[in-house]
Amino acid sequence: MLSSKFGHMRALNVTIRIGSFCFAVVSLLLFSSFFYSTPAQTNAQSDSQSGAQTGTPTKAQAPMLPDGPGKQVVMQKCTQCHGQEMFALVRKTPDDWDQTVTKMTTNGLVVTDEEYDAIMTYLAANLGPLPPKINVNKTTAADLQKGLGLTDAEAQAIVKFRGDHGDFKTWNDVAKVDGVDPKKIEAKKDVIGF
Ligand code: HEC
């Protein structure tokens, strides 16, 4: 009676031991599979992240601020709430920039007087209004020559061409005019207007 009771207990004991051994093995497996899978997952994640950074055009084509005095301050102060893409392609007069930066201070921007001056100097020098476009359908030969860096003969050829064929529609049309150096036109394509 007593021995069988002990026998039961021993059997129970063994069962518990086997059970806890199994439990230990299973949890070890689970644990190690967790450990082995975690680095693999993070690798995959960082791969896709770095892929997104190098592979997608957004990063490569993100507008960059031009170099110039005060850029450091602008980078430090103006990218705290949004990226530089918020303003890198924006063009404003100094007055309008002044208003914008004042608005940013109400948004929460904190700057010293020196930092403010550095920011305004940078914005005026680098993100000021673009020069007015040169209308290739209306501008005189003399102004075409000056504005587009052409020879007199090239400017005359453009004026003659538009007289004969009507208005230019793209800078490519201008570049194709006989006697005009297409490279000069391409270099000025952003200033060419119609
Ligand atoms: C404390 C946060 C913060 C900081 C710092 C900050 N901005 Fe902004 N900015 C905002 C918020 C919020 C908006 C969108 C709402 C708005 O237009 O005010 C914004 C919008 C803008 C815009 C688009 C709207 C417009 O008026 O043209 C420009 C440009 C801009 N910021 C430029 C800057 C420049 C330049 C600096 C540095 C001098 C700067 N920001 C610093 C918060 C900030």
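How do the residues of the shell around the ligand divide into nonpolar, polar and charged? I looked this up and found nine nonpolar, five polar and two charged. (Ala, Val, Leu, Ile, Met, Phe, Trp, Tyr, Cys and Pro count as nonpolar, Asp, Glu, Lys and Arg as charged, and the others, Gly among them, as polar.)

A note on the model: it is predicted, with local features needing pLDDT of at least 70 and side-chain atom pairs counting only at pLDDT 80 or more, while totals for chains, interfaces and linings use all residues. I number residues from 1 along each chain as its sequence is written.

**Ligand shell.** Of the 16 residues around the ligand, Cys78, Cys81, Phe87, Gly108 and Leu109 come nearest (near puts a C-beta atom, placed from the backbone, within 6 Å). Two elements, α3 (71-78) and α4 (94-107), each give two or more residues to this shell. The most come from α4, with five residues.

**Helix pair.** I then turned to α6 (residues 141-148) and α7 (residues 152-165), which pack at about 125 degrees with axes 8 Å apart. (Axes are lines fitted to C-alpha atoms, for helices over the stretch in contact, and angles run from 0 to 180 degrees between N-to-C directions.) Ala141, Leu144 and Gln145 of α6 meet Asp152, Ala155, Gln156, Ile158 and Val159 of α7 (contact means C-beta atoms, placed from the backbone, within 7 Å). I sorted this contact by class into five nonpolar, two polar and one charged residues.

**Whole chain.** I noted nine helices and two strands (DSSP runs numbered from the N terminus: helices are H or I, at least four residues; strands are E, at least two).

Definitions and conventions
Two residues are in contact if their C-beta atoms, placed from the backbone, lie within 7 Å.
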